[in-house]
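Please read this short report with the model open beside it.

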Amino acid sequence: MPLFAIICRDEAGKLQTRLDTREKHLAHLKSAEILRMAGPLIEEGEMRGSLLIVEAEDIATAEAWAATDPYKAAGLFRSVEVIEWKKVIG
């Protein structure tokens, strides 16, 4: 099955929203069978986005899963991009 990178960028000034929603977000990730790796994007020492790698049948499945993230429901993300990704090393 193909891998997809989900690249999420936070709205400016929304760090508190991220912190307030973090436990729901982490629980969501831990329950996801398609998730292969995940972590925050760091800018100037502060979490300002997310990078998630999922394994799914197609991009529509990856996009549908990304839309269920509690961070998205909380209005944290300025943008969400889903793109097919190929693992070469690691």
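Predicted model: local features only at pLDDT ≥ 70, side-chain atom pairs only at ≥ 80, totals over all residues.

Residues are numbered from 1 along each chain as its sequence is written, and side-chain values use heavy atoms, with hydrogens and water left out.

**The whole chain**

The protein chain has three helices and four strands. Helices (H or I, at least four residues) and strands (E, at least two) are DSSP runs, numbered from the N terminus. Along the sequence, the pattern reads β-α-β-β-α-α-β.

The C-alpha trace spans about 35 × 25 × 20 Å along its principal axes. A compact globule of 90 residues would have a radius of gyration near 12 Å; the protein chain has 13 Å, which agrees. That radius is taken over C-alpha atoms, and the globule rule is 2.2 Å times the number of residues to the power 0.38.

Buried residues make up 32% of the 90 residues. Buried means under 20% relative accessible area, exposed means over 50%, and partly exposed lies in between (1.4 Å probe, protein chains only). The protein chain exposes about 5,700 Å², and carbon and sulfur atoms supply 53% of it. Accessible areas come from the Shrake-Rupley method with a 1.4 Å probe; for residues, only the protein chains shown count as cover.

Contact means heavy atoms within 4.5 Å. Of the contacts with a separation of 6 or more, 72% join residues 24 or more positions apart.

**Helix 1**

Helix 1 covers residues 15–30. At 1.5 Å a residue, its 16 residues should span 22 Å, and its end C-alpha atoms are 22 Å apart, which agrees. The expected span is 1.5 Å times one less than the number of residues.

Helix 1 bends by about 55° at Arg-22. The bend is the angle between axes fitted to the seven residues ending there and the seven starting there.

Which residues of helix 1 are buried? They are Arg-18, Thr-21, His-25, His-28 and Leu-29. These buried residues pack against strand 1 (3–10), strand 2 (35–43), strand 3 (46–55), helix 2 (59–66), helix 3 (70–73) and strand 4 (77–85).

**The strands**

Strand 3 pairs with strand 1 in the antiparallel sense over seven bridges. Strand 3 also pairs with strand 2, again antiparallel, over eight bridges. Two strands pair if DSSP finds at least two bridges between them. The table lists some bridge partners.

| Residue | Partner in strand 3 |
|---|---|
| Leu-3 | Glu-55 |
| Gly-39 | Leu-51 |

Glu-43 lies in strand 2. At 32% relative accessibility, Glu-43 counts as partly exposed. Leaving aside residues up to four places away in sequence, Glu-43 touches Arg-9 and Arg-48.

Strand 2 and strand 3 form a hairpin with two residues between them. Glu-44 sits in the loop between these strands. Is Glu-44 buried or exposed? Its relative accessibility is 75%, so Glu-44 counts as exposed. Glu-44 has a positive phi of about 55°, although it is not a glycine.
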